[in-house]
Each structure stands twice: as structure tokens, then as C-alpha cells.
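Please consult the sequence and the structure as each point is read.

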Amino acid sequence: MTNRYLLIIRNEENFAEKKTISFNYARVILLLTLAFVITLGLSVYLVTVVLDQWLDPRYVMMQSNRQLVDLTLKIDSLEHEVAEKDRYVANIQRIIGGDVEALQLMGDDRPSTEMSSADAALGESIHPIDSQFRAEFEQQEVGVLSYKTSGSGEFKELFLFTPIEGIVTDGFNPKRDHYGVDIVAKENEPVKCATDGVVIFSSWTLDGGYVIGVQHRGNLISVYKHNSELLKNVGNFVSGGEIIAIIGNTGELTSGPHLHFELWHNGNPVNPEEYVAL
């Protein structure tokens with residue numbers, strides 16, 4: 001094993017030496033063993049990583065299971081998101097439709113049984129005179145809506161465009177369920193968006209005719225009713241001053257061509273004349 005040998009390579013024609021290699025059997029065995037280990041490691045890597053999808057019959061099943069788990073998680077997230085958006089859109093439709101009684105459920109996620117038990121427990125500890133005052137207060141038409149016009153700081157910083165040039169014929173009066181202002185203008189006059197936002201409602205309603213609603217930053221929503229034509233769809237981004245509809249006389253609650261313009265902040269109506277130059 002330790003005897004040294006000399007391998008001489010000669011030219012066949014003139015026997016000139018081209019190369020000589022000195023070796024022994026121990027070095028040859030070591031080199032062969034090292035080459036075998038390297039080849040074995042490379043083969044294992046190829047079989048288990050690179051060629052796994054062709055050589056391992058379980059590969060397809062494992063990949064399918066992983067994709068199934070990922071899709072299940074995505075579906076759960078989408079179901080939750082769709083439910084939240086449906087609830088949000090339903091609340092917006094109540095605002096646009098002027099359903100004051102339905103708005104009493106907005107912002108209160110407690111089940112009815114929990115509310116009933118809480119009210120019952122509260123009623124047991126209230127003096128009869130207080131209970132009478134509470135009953136009279138709850139019978140008022142104002143309900144849960146607050147008509148304060150002091151907006152948040154972010155709301156005050158918004159610059160609101162005039163939706164249409166015209167004459168205000170009916171002002172903001174929540175006591176008779178008139179949550180906006182009526183503006184009379186020329187026929188086929190374009191209606192402009194008050195400020196940047198996203199269209200959240202663009203459809204026909206029985207009372208308001210063709211109605212379009214836009215969600216702005218600062219929890220502000222602007223509503224435009226009685227249009228003859230809507231130029232934007234739900235999901236469209238609109239800029240302040242951009243044309244979104246054409247003035248009209250659609251819907252049951254109208255007596256002539258005009259625009260009914262509303263502003264809602266945090267779910268409560270505010271007087272548009274205090275924020276927009278009409």
C-alpha cells in the first residue's frame with residue numbers, strides 16, 4: 001500500500017516522455033473514496049430536492065395538500081372581508097335611503113338578547129321618575145342621530161367643491177327628515193364631486209331616483225339624489241370637482257329638476273351650507 005510507483009506517458013513514435021505521475025495504492029484508494037462520497041452526496045441532493053417531483057410519488061399529494069390549506073385560509077379571510085363590506089354597504093344604503101329607524105342599529109354590535117338583559121338590569125336600578133323621563137326621550141323623533149355640525153379636525157381640513165351652481169330652495173332641516181339641501185339649477189347641468197373619494201353607491205332608489213354616494217377621508221360621505229344620469233360606478237375613484245352625474249327630476253320625493261345634496265359625518269347628517277359655498 002505504501003510502495004511508490006511511477007506512471008510514465010511517452011510518445012508512441014519517438015518514445016519522448018510527455019508526463020510522469022507518481023502514486024501509491026493508498027493515495028488511489030483515498031481519491032476513489034472521496035469521488036464516491038461526492039457523487040453519492042450529489043445524487044442524494046438531486047433525488048430529494050431537484051428531481052423530487054419526478055421521482056417521489058408523494059410529491060404531488062404533498063403539494064396539493066399545501067395548496068388546499070392555503071386556499072382554505074384565503075377563503076376564510078375573503079368570507080370575513082365580504083361580510084364586513086356587505087354590512088358597511090347596507091349601512092350606507094340606509095343612510096342614503098333616509099331610514100332613520102334602521103340607523104339605530106348602526107355602531108351597536110351587541111346581540112338583541114344582550115341588549116335586552118342590559119336594559120332590564122338598568123331599568124331595575126332606575127327611579128320611576130327617571131324611567132318616565134327616559135321613556136319620553138326615547139319617543140322623540142330624533143332617535144340616535146346627532147345633528148352637531150362640529151366636525152373632526154380631519155373633516156375641517158377638507159376643501160369641498162360646490163357640487164352644482166344654483167339656488168338653494170330648501171335647506172337642512174332634520175326635524176322634518178330633510179337631511180340635505182335642495183339646489184335648483186339649469187337643465188342638464190353637471191353634478192360635481194365635493195372632494196376626493198371612492199364611489200360606494202350608484203343606483204336607483206324609489207324615493208331618491210338615481211342616487212350616487214361617495215366615501216371621503218375623515219369618515220365623510222356625500223350623497224347626490226334625483227339625478228337624471230349617473231356617470232360613475234361603485235368602486236370608481238373620483239377627484240374633487242370631477243363630474244359624477246347630471247341633474248334631474250327622478251324619484252318620488254321630488255317636485256321638479258334639482259339636486260338634493262347631503263353630507264354625513266361619522267354616520268350623522270351635517271348641514272352642507274356650513275361647509276360648502278352654495
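Y224 is buried, because its relative accessibility is 0% (buried means under 20% relative accessible area, exposed over 50%, partly exposed in between, with a 1.4 Å probe and protein chains only). F261 is likewise buried, with a relative accessible area of 0%. The model is predicted: local features need pLDDT of at least 70, side-chain atom pairs count only at pLDDT 80 or more, and totals for chains, interfaces and linings use all residues. Residues are numbered from 1 along each chain as its sequence is written, and side-chain values use heavy atoms, leaving out hydrogens and water.

**Aromatic pairs**

- Rings of Phe, Tyr and Trp (its six-membered ring) pair if their centres lie within 6.5 Å; planes under 30 degrees apart count as stacked, over 60 as edge-to-face and the rest as tilted.
- By this rule there are 5 aromatic pairs.
- One of them is edge-to-face, because the rings of W204 and Y210 have centres 5.2 Å apart and planes at 75°.
- W204 is partly exposed at 45% relative accessible area, and Y210 is partly exposed at 34%.
- The rings of Y224 and F261 have centres 5.3 Å apart and planes at 35°, so this pair is tilted.
- This pair links distant parts of the chain, 37 residues apart: Y224 lies in strand β8 (residues 220-230) and F261 in strand β11 (residues 259-265).
- Strands (E, at least two residues) and helices (H or I, at least four) are DSSP runs, numbered from the N terminus.

**Around Y25**

- Y25 belongs to helix α1 (residues 25-50).
- The relative accessible area of Y25 is 44%, so Y25 is partly exposed.
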